[in-house]
Amino acid sequence: MSAFSFQTSVAVFALMTLPVSALDTFIAAVYEHAVILPNKTETPVSQDDALLLMNKNLDILERAIKQAAEKDAQIIVTPEDALYGWKFTRETIFPYLEDIPDPQEAWIPCEDPHRFGHTPIQARLSCLAKNNSIYVLANIGDKKPCNSSDSTCPVNGHYQYNTNVVYNKKGKLVARYHKYHLYSEPQFDVPEKPELVTFDTPFGRFGMFTCFDILFHDPAVTLVKDFHVDTILFPTAWMNVLPLLSAIEFHSAWAMGMGVNLLAANIHHVHLNMAGSGIYAPHSPKVYHYDVETGLGKILLSEVDSRPRNSSAYPIAVNWSAYATTIKPFPVQKNTFRGSISKDMFNFTELFENSGNLTVCQKDLCCHLSYRMLRKEENEVYVLGAFTGLHGRRRREYWQVCTMLKCKTTNLTTCGKPVETALTRFDMFSLSGTFGTEYVFPEVLLTKIQLSPGKFVVLKDGRLVNKNGLSEPILTVSLFGRWYTKDSHSIISGSTSNLATTSLLISTLLMIALQNIVMV
């Protein structure tokens with residue numbers, strides 16, 4: 001296991017060794033969990049009461065873990081906040097926390113549960129992994145003592161972290177990750193720097209991060225680009241936000257855009273619009289689940305490539321602006337209008353005809369669309385939209401988005417509002433944009449919040465096009481770009497590198513390479 005803050009191209013040293021008896025494919029599992037929440041309280045419960053609730057949730061997770069193992073799964077991912085939920089203060093979360101040691105301690109909690117104090121949850125997770133011979137990722141809370149000599153030490157004398165842990169088939173703790181990009185989580189602290197956590201197995205190299213982390217460069221992009229992980233483990237408590245950021249929509253697009261497997265396990269809580277999990281490969285979703293009708297959990301299993309870059313199905317390299325910057329723009333309609341998506345002001349133009357070629361621009365981003373509908377439904381309106389700029393109320397993340405979407409009603413003021421059903425089918429679409437970033441995520445979302453596996457492809461010149469003919473009714477077709485270097489207060493590895501950092505990285509990566517000779 002490796003965890004450190006920044007890296008350079010010397011990450012290639014970490015690839016010097018490969019596991020003995022490597023497997024070409026493996027069976028992965030994710031579990032969408034309907035979490036049992038604690039009673040609302042403004043005062044902390046006892047440690048015993050906290051443990052009682054966590055064990056109730058673990059009873060459910062245990063059944064999923066056993067079911068995955070019986071289906072020969074090598075690894076299972078469970079969601080963020082799966083043991084206790086999310087509504088806490090710093091004080092009320094504390095009874096749920098355990099001290100989670102560095103994986104370099106080579107600890108098997110199942111065999112030595114008291115080595116690091118009171119750790120019953122870690123011991124039970126370790127035993128579940130060991131007794132079922134399966135890798136298990138769980139999300140729990142970590143506490144780390146500090147003292148007054150540390151000027152940032154919290155009043156209660158502990159840092160508190162939203163934490164992922166992974167136990168291998170022997171029950172050994174092999175990876176620990178502290179979430180960096182918190183989202184309305186006052187109960188937890190932000191680590192000093194983003195952690196870059198990887199571990200190697202006979203079925204590929206794995207990295208992990210949590211929920212909101214996926215929208216930022218570090219650790220998400222760095223793990224893929226510089227550490228060459230094959231599969232990302234992604235526990236989340238994701239609230240669906242249409243039209244661009246529903247869970248299955250964006251997570252499948254991220255896997256395709258980054259060229260890795262993504263094992264995404266979401267919380268299931270329909271009243272907060274939390275739902276949607278999947279096992280996503282670089283070329284297409286393997287399996288996914290979206291259910292807002294019931295309160296039931298769901299296990300998903302699929303066989304995936306251990307090292308997708310070696311697969312014949314691995315997507316070709318894409319120049320996202322190649323087509324859009326070389327063609328003559330299509331006619332720009334005079335009645336372009338403004339509309340809001342998630343507090344971002346897009347420029348829109350309506351698809352008036354059954355077929356056509358349209359361009360809409362905002363600043364330096366021009367979006368081009370060629371399309372043909374089977375027929376134009378009289379009570380449905382579609383628009384082509386463009387947005388480039390810092391996103392939303394926070395204005396931290398720089399987005400570039402080209403999107404064709406269905407408006408909520410025929411009133412153009414509803415364009416960009418959430419909508420879940422559609423009737424209009426397209427037998428051809430081609431969407432492209434003059435993106436300034438190489439990080440673009442292709443999204444196609446169908447009526448009733450469903451994906452479109454095998455029905456679209458990204459060409460090497462950056463066009464998102466349909467294939468295999470007629471589509472199911474479409475909600476959105478989007479190219480969602482993230483221009484990380486334009487983020488406000490962005491954390492980009494290249495801007496922080498120096499000689500000392502590089503020396504540390506070289507020595508650390510060489511150590512990883514040596515450690516990888518013996519598999520975790």
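# A walk through one predicted model

Let's start in a loop. Thr447 sits there, between strand S21 (440–446) and strand S22 (456–458). One thing before we go on: this is a predicted model.

Is Thr447 buried or exposed? Its relative accessibility is 15%. Buried means under 20%, so Thr447 counts as buried. What does its side chain reach? The side chain of Thr447 comes to 3.0 Å from the backbone nitrogen of Ala422. Now look past the sequence neighbours within four places. Thr447 then touches Glu420, Thr421, Ala422, Pro473 and Leu475.

Next, the sheet that holds S21. It is an open sheet of six strands, paired antiparallel, in the order S14-S15-S18-S19-S24-S21. Which strands stand at the edges? They are S14 (337–341) and S21. Each has a single partner strand, so one side of each has no neighbour in the sheet. On average, neighbouring strands here are turned by 20 degrees against each other, with direction ignored.

Strands of a sheet pair through backbone hydrogen bonds, and the pairing is either parallel or antiparallel.

Strand S18 covers residues 382–390, and strand S19 covers residues 398–406. How many bridges join them? Nine, in the antiparallel sense.

Now the aromatic rings. How many aromatic pairs does a search of the whole structure find? The search finds 27. In general, we describe such a pair by the distance of the centres and the angle of the planes.

Here is one. Phe199 and Phe206 are stacked, with 5.4 Å centre to centre and 10 degrees between the planes. Phe199 has 2% relative accessibility, so it counts as buried. Phe206 is buried as well, with a relative accessible area of 0%.

Here is another. Phe346 and Phe348 also form a stacked pair. Their centres are 5.8 Å apart, and the planes are at 15 degrees. Both of these residues are buried.

There is also an aromatic cluster. Its members are Phe209, Phe234, Trp238, Phe250, Trp254, Trp399, Phe441 and Phe480. Find them on the screen.

Rings meet charges as well. Where does the charged end of Lys486 sit? Over the ring of Tyr398, 5.5 Å from the ring centre. Lys486 also lies over the face of Trp483, at 4.8 Å from the ring centre.

On to another threonine. Thr92 is in helix H2, residues 90–93. Thr92 is buried, with a relative accessible area of 6%. A polar atom of its side chain lies 2.8 Å from the backbone nitrogen of Thr89. What does Thr92 touch beyond four places in sequence? Thr41, Glu42, Thr43 and Pro44. Val45 is worth a look too. Thr92 and Val45 are 47 residues apart in sequence, yet 7.0 Å apart in space, C-alpha to C-alpha.

Next, Asp189. This residue lies in the loop between strand S6 (173–178) and strand S7 (196–201). With 14% relative accessibility, Asp189 counts as buried. Which side chain does it meet in a polar contact? That of Arg90, at 2.9 Å.

Now helix H4, residues 217–225. Eight of its nine residues are buried, so H4 is largely enclosed by the rest of the structure. Among the buried ones are His217, Asp218 and Pro219.

Last stop: strand S2, residues 25–32. This strand is mostly covered, with six of its eight residues buried. Which way does S2 run against strand S13 (residues 298–305), parallel or antiparallel? Antiparallel, with eight bridges between the two. Phe26 stands opposite Val304 in S13. Strand S3, residues 75–77, runs parallel to S2 and is joined to it by three bridges. There, Val30 has Val77 of S3 as its bridge partner.

That's the tour. Over to you.

Methods
Residues are numbered from 1 along each chain as its sequence is written. This is a predicted model: local features need pLDDT of at least 70, side-chain atom pairs count only at pLDDT 80 or more; totals for chains, interfaces and linings use all residues. Side-chain values use heavy atoms; hydrogens and water are left out. Helices (H or I, at least four residues) and strands (E, at least two) are DSSP runs, numbered from the N terminus. Buried means under 20% relative accessible area, exposed over 50%, partly exposed in between (1.4 Å probe, protein chains only). A polar contact is a pair of N or O atoms within 3.5 Å; within protein, one must be able to donate a hydrogen and the other to accept it, and residues adjacent in sequence count only if both atoms are side-chain atoms. Contact means heavy atoms within 4.5 Å. Two strands pair if DSSP finds at least two bridges between them. Axes are lines fitted to C-alpha atoms, for helices over the stretch in contact, and angles run from 0 to 180 degrees between N-to-C directions. Rings of Phe, Tyr and Trp (its six-membered ring) pair if their centres lie within 6.5 Å; planes under 30 degrees apart count as stacked, over 60 as edge-to-face and the rest as tilted. A charge sits over a ring if NZ of Lys or CZ of Arg is within 6 Å of the ring centre and within 35 degrees of the ring normal.
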